[in-house]
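This briefing sets out local features of one protein model, grouped by topic. It is meant to be read with the sequence and the coordinates open alongside.

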Amino acid sequence: MSLPPGFLDELRTRTSLSQVVGRKVMWDQRKSNQGKGDMWAPCPFHQEKTASFHVDDRQGFYYCFGCHAKGDAISFVRETENVGFMEAIDILAREAGMQVPARDPKAQEKADHRTELADVMEQAVQFYRLQLKTGAASDARDYLARRGLSDATQARFDIGFAPDSRQVLWSHLTGKGVAPELIIDAGLAARPDDGGVPYDRFRGRIVFPIRNPRGRCIALGGRSMAADARAKYLNSPETELFDKGRSLYNHGPAREAAGKGQPLIVAEGYMDVIALVDAGFGATVAPLGTAITEDQLRLMWRIHPEPVIALDGDTAGLRAAMRVIDLALPMLEAGQSLRFAIMPEGQDPDDLVRAQGSAAMQKLVDQALPMVQLLWRRETEGKVFDSPERKAALDKTLRAALQKIADPSIRNHYGEAIKQLRWQLFRTGNSPSGQPRAAFRAGRALTAHPMPSTKSSYLAAATASGAEEHLREAVILAALIVNPGIITQFESALEALDLTSAEHRTLRAAILRHAEADDPHASIKADAGAETLEKLMSLSHVQISPAIRNPGKTEVAAMCVAQELAKLAARRGVEREILDAMQEMGDIADEGITWRLTQAAEARNRAERSQTEDKTQYETGANGARISREERTALNQLLDQINFAKGARRSKE
């Protein structure tokens, strides 16, 4: 079956080879560089232990340096799934959300027609290049010189000139035997409504060829030299070769430069791209004068996982950047986002590079804002939030924006970032309770000072300085050191734990480094230092821990560590909730905030109770011994009965 022209190119554009191959292999993370689309794995086509199978995700090809297997996504599916060509196309098309076209008996005829159109476009490019050297193009040459475009740069981008004549290209091409219909189908000429002789679309303009990723000219862009022109810039109409919403200016060279490690920069127009490429930013593209489309955004992500949007610093440029946010939010994936380089007001990248050089542009690229910050800026800049209603309106707008994010993990991270930005915007000069803001540490407010009689109490010091959390961390670390068999079980949780002291961080690093040593305890002691380990084990709370008193009982130790981790997480999470509520409260307390604080405090207390604590209620006797309250009550009742009987007997006597 023959497929329509362009279908396979579109399928390859929408398909990520690394995702297709990733279903069959285990990537070598040490050797792979996902950001550059450079992935390595053991070859799925022959038995091997080393990673000799290379996937170039940006170019869309794989190659094995062992068995020399090579191909693209289609050939990979054919080989690994043992299916035919059209079955492989069906599999990939379903994954890409594309429908395989019905059988087209004229597909080859259409492909030949596209080849003829491309040949006509190339002839037009060469004609316009020659016209730039004529006397009629003197103003155009002066303009290019003022913009700093050298002859080498003009040749590199095949820049030409269309004379201000109605049929100069038409006459040239037809004179060389090109069929009139091909000139019209290529978008180089148009027929007038009255049916007269076709006229050239580009007249009195500097011409910029637009090429597809493989270097074939598919369209032209033209900048008018006349100040009163209806359109300053003009692109070819959409043709069999050219789909404006699925094309990027400078696509092929930018992909090559990005593959060598350069950041992908998205500028607004041809001159911006040319200026940036001249300044050393080879991985620069432009969306051909239109608002960025979903297809163009996918093309950018195929080139680089985090393109830098560098649109003009005027109002229109900023509006365009803001529109990109709404387009990109539903399409975000882990490791796939956008950053924004905000140009100085009234300048575009071309202006900046010519005025201040490439270093100024590099600085803006390095300082490009994450998309979440530009989203926040869009919703808050120039606005006043001096009432609950205005704050609520902001919250509603931000929630609506975040709901567009399909990936739940990314949505959560955006929510956390917005939460921090909101806190910074609305926080007042003083802490909620009137205490100085410096009194807050990690989200905890000052507590009451202990009485003189209890100042020496370690628990009182713990409450004042946060040492309670320090002690829980100590129990966790000690339990893992004494019971190294459970380290791997808690490795991820230990890495993510926010430790309160440098000593604890030193111990954690030693534990993780020597988890698989022959004698982990000795190795950790040698690494962290005997004094540090002795100090840890001397704490009374560590000594009475079941995990320390019963070394080798891994189930007990694992339960102990899990409980301490849960208590730490609960305490810290609830305290953050309390602080957020207090920050929202500001200087005005109402019943709702009070209830929220009460509920949060109760939740923390419940979380900190051990799930295995003895539910029996005890009382302490005069001699310090503990006795069950139920047993004590029964004993008291028995004694009362005995005393009552003795009293009754005495009364009879």
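In this predicted model, Thr 506, Leu 507, Ala 510, Ile 511 and Arg 513 of helix H22 meet Ile 524, Asp 527 and Ala 528 of helix H23. Sorted by class, the residues of this contact of H22 with H23 comprise five nonpolar, one polar and two charged.

**Helices H22 and H23**

- Helix H22 covers residues 502-513 and helix H23 covers residues 520-528, and their axes come within 9 Å and cross at roughly 140°.
- The two helices H22 and H23 are therefore oblique to each other, and their crossing is right-handed.

**Helices H11 and H14**

- Helix H11 (residues 270-278) packs against helix H14 (residues 349-356) at an angle of about 35°, the axes lying 8 Å apart, and H11 passes H14 in a left-handed crossing.
- On the H11 side the contact is made by Met 271, Asp 272, Ala 275 and Leu 276, and on the H14 side by Pro 349, Asp 350 and Val 353.
- The residues in this contact of H11 with H14 divide into five nonpolar and two charged, with no polar ones.
- Helix H11 is mostly covered, given that eight of its nine residues are buried; these are Tyr 270, Met 271, Asp 272, Val 273, Ile 274, Ala 275, Leu 276 and Val 277.
- After H11 comes Gly 280, which has a positive phi near 105°.

**Val 561 in helix H27**

- Val 561 has its place in helix H27, which covers residues 554-585, and this valine is buried, with a relative accessible area of 1%.
- When residues up to four places away in sequence are not counted, Val 561 touches Ile 476, Ala 479, Leu 480, Ile 486 and Phe 490.
- The C-alpha atoms of Val 561 and Glu 473 are separated by 9.4 Å, although these two residues are 88 residues apart along the chain.

**The sheet E1-E2-E3-E4**

- Four strands form an open sheet in the order E1-E2-E3-E4, and their pairing is antiparallel.
- Strand E1 and strand E4 (70-71) stand at the edges with a single partner strand each, so one side of each is left without a neighbour in the sheet.
- Strand E1 (residues 38-41) pairs with strand E2 (residues 53-56) in the antiparallel sense over four bridges; within this pairing Asp 38 stands opposite Asp 56, and Trp 40 stands opposite His 54.
- Strand E2 is also joined by four bridges to strand E3 (residues 61-64), again in an antiparallel arrangement, and here the bridge partner of Asp 56 is Phe 61.
- Strands E2 and E3 form a hairpin with four residues between them, and Gly 60 in its turn has a positive phi of about 80°.

**Strand E8 and its partners**

- Strand E8 (residues 205-211) is largely enclosed by the rest of the structure, because six of its seven residues are buried.
- Three bridges join strand E5 (residues 160-162) to E8 in an antiparallel arrangement, with Val 207 of E8 as the bridge partner of Gly 160.
- Strand E8 also pairs with strand E9 (residues 217-224) in the antiparallel sense, over seven bridges, and Arg 223 of E9 is the bridge partner of Ile 206.
- Strands E8 and E9 form a hairpin with five residues between them, and Gly 215 in its turn has a positive phi of about 95°.

**The sheet E12-E11-E13-E14-E15**

- Five strands form an open sheet in the order E12-E11-E13-E14-E15, and the pairing in this sheet is mixed.
- Its edge strands are E12 (284-285) and E15 (369-370), each of which pairs on one side only.
- Strand E14 (residues 339-340) pairs with E15 in the antiparallel sense over two bridges, and Arg 339 stands opposite Pro 370 of E15.

Methods:
Residues are numbered from 1 along each chain as its sequence is written. This is a predicted model: local features need pLDDT of at least 70, side-chain atom pairs count only at pLDDT 80 or more; totals for chains, interfaces and linings use all residues. Side-chain values use heavy atoms; hydrogens and water are left out. Two strands pair if DSSP finds at least two bridges between them. Axes are lines fitted to C-alpha atoms, for helices over the stretch in contact, and angles run from 0 to 180 degrees between N-to-C directions. A crossing is left-handed if the near helix is turned anticlockwise from the far one by less than a right angle, and right-handed if clockwise. Contact means heavy atoms within 4.5 Å. Ala, Val, Leu, Ile, Met, Phe, Trp, Tyr, Cys and Pro count as nonpolar, Asp, Glu, Lys and Arg as charged, and the others, Gly among them, as polar. Buried means under 20% relative accessible area, exposed over 50%, partly exposed in between (1.4 Å probe, protein chains only). Angles under 35 degrees count as roughly parallel, over 145 as roughly antiparallel, 65 to 115 as roughly perpendicular and the rest as oblique.
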